Amino acid sequence: MYTPVFNRWEDEAALRAFVAEVGSAWFVTSGPDGVPQATLLPIIWRDEVVVAHIAKANPHWREIVDGSPALLIVGGPEAYISPSLYAAKAEHGKVVPTWNYTAVHIAGAVTVRPDAGWLRSVVTELTDRHEGNRTEPWQVADAPEDYIDGMLKAIVGLEIRVTSVEGKAKLSQNRPAADQAAAAAVMAVGRHP
């Protein structure tokens, strides 16, 4: 990912918190034919490993050779930023539109994990994470055991050993403070007023 110095996001704790908050990523690999494939998946980043699961019916996972490279793209808020928002437009007119966004790219080596016990633990952890803020959270144990066993047979697990992490926060940091504030207001609502 192209990341100018002023857009680099390197605070690991902040990157991990962002990934946990978003909770999903585009999982990208290339098959033996070199054609990239991408699937949006719920993820959990644990230490140096990211775990996820994918539908067994999705042919994407069948193209994966254990140990092959994978890229997870975690996207955050993004918005078109009009030059009309910038105070600099009225001052000198030397402004152009841009697109502001936050993103984290996690690269690593992927392994397919078909083990039912491993899958159950990942599905349980994902469920607990996303249900945790509800007043009456649903739990995997709330469903009949044979039903969960059947559902687990319809997915396979993915484990990505993290080799690099890049964060980018393109938030008009190269603009004057007034322009940054205008862009931040757009990012807060996700669209141009």
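D179 is buried, with a relative accessible area of 1%; buried here means under 20% relative accessible area, exposed over 50% and partly exposed in between, with a 1.4 Å probe and protein chains only. A salt bridge is counted when a side-chain nitrogen of Lys or Arg lies within 4 Å of a carboxyl oxygen of Asp or Glu.

A word on what you are looking at: this is a predicted model, in which local features need pLDDT of at least 70 and side-chain atom pairs count only at pLDDT 80 or more, while totals for chains, interfaces and linings use all residues. Residues are numbered from 1 along each chain as its sequence is written, and side-chain values use heavy atoms, with hydrogens and water left out.

## Helix α5

D179 is one of the buried residues of α5, together with A182, A183, V186 and M187. Seen down the helix axis, the buried residues of α5 fall within an arc of 140°, so they line one face of the helix; the arc is that of the directions from the helix axis to the C-beta atoms. An α-helix has 3.6 residues a turn, so residues three or four places apart point the same way. The face turned away from the buried side of α5 carries the exposed residues A177, A188 and V189.

What do the buried residues of α5 pack against? They pack against β4 (68-81), α2 (87-91) and β5 (98-113), where contact means heavy atoms within 4.5 Å. Helices (H or I, at least four residues) and strands (E, at least two) are DSSP runs, numbered from the N terminus. Helix α5 itself covers residues 177-189, has 13 residues and reaches 19 Å from its first C-alpha to its last, close to the 18 Å expected at 1.5 Å a residue. That expected span is 1.5 Å times one less than the number of residues.

The largest nonpolar core has 24 residues, of which V19, F27, V50, I106 and L158 touch the most other members. The elements giving two or more residues to this core are α1 (12-22), β1 (24-30), β2 (36-46), β3 (49-55), β4, β5 and β6 (155-170). A second, separate core of 13 residues includes V51, L119, V123 and L152. A nonpolar core is a set of buried Ala, Val, Leu, Ile, Met, Phe, Trp, Tyr and Cys residues joined through side-chain atoms within 4.5 Å.

## H60 in its loop

Is H60 buried or exposed? At 1% relative accessibility, H60 counts as buried, and it is found in the loop between β3 and β4. Leaving aside neighbours within four places in sequence, H60 is in contact with F27, T29, Q37, A38, T39 and I54. H60 and G31 are 29 residues apart in sequence, and their C-alpha atoms are 8.3 Å apart in space.

## A salt-bridge network

The structure holds eight salt bridges, and E12, R16 and E48 are linked in a network of them. Side chains of opposite charge can pair when their charged atoms come close. R16 meets E12 at 2.8 Å, N to O; the two residues are four apart in helix α1, and therefore separated by about one helical turn. R16 also meets E48 at 3.6 Å, N to O. E48 lies in the loop between β2 and β3 and R16 in helix α1, so this pair ties together parts that are 32 residues apart in sequence.

R16 is partly exposed at 21% relative accessibility, as are E12 at 44% and E48 at 46%.

## Two residues with positive phi

D47, in the loop between β2 and β3, has a positive phi of about 45° although it is not a glycine. D47 is exposed, with a relative accessible area of 63%. S172, in the loop between β6 and α5, is another residue other than glycine with a positive phi, near 60°. S172 counts as buried, at 3% relative accessibility.
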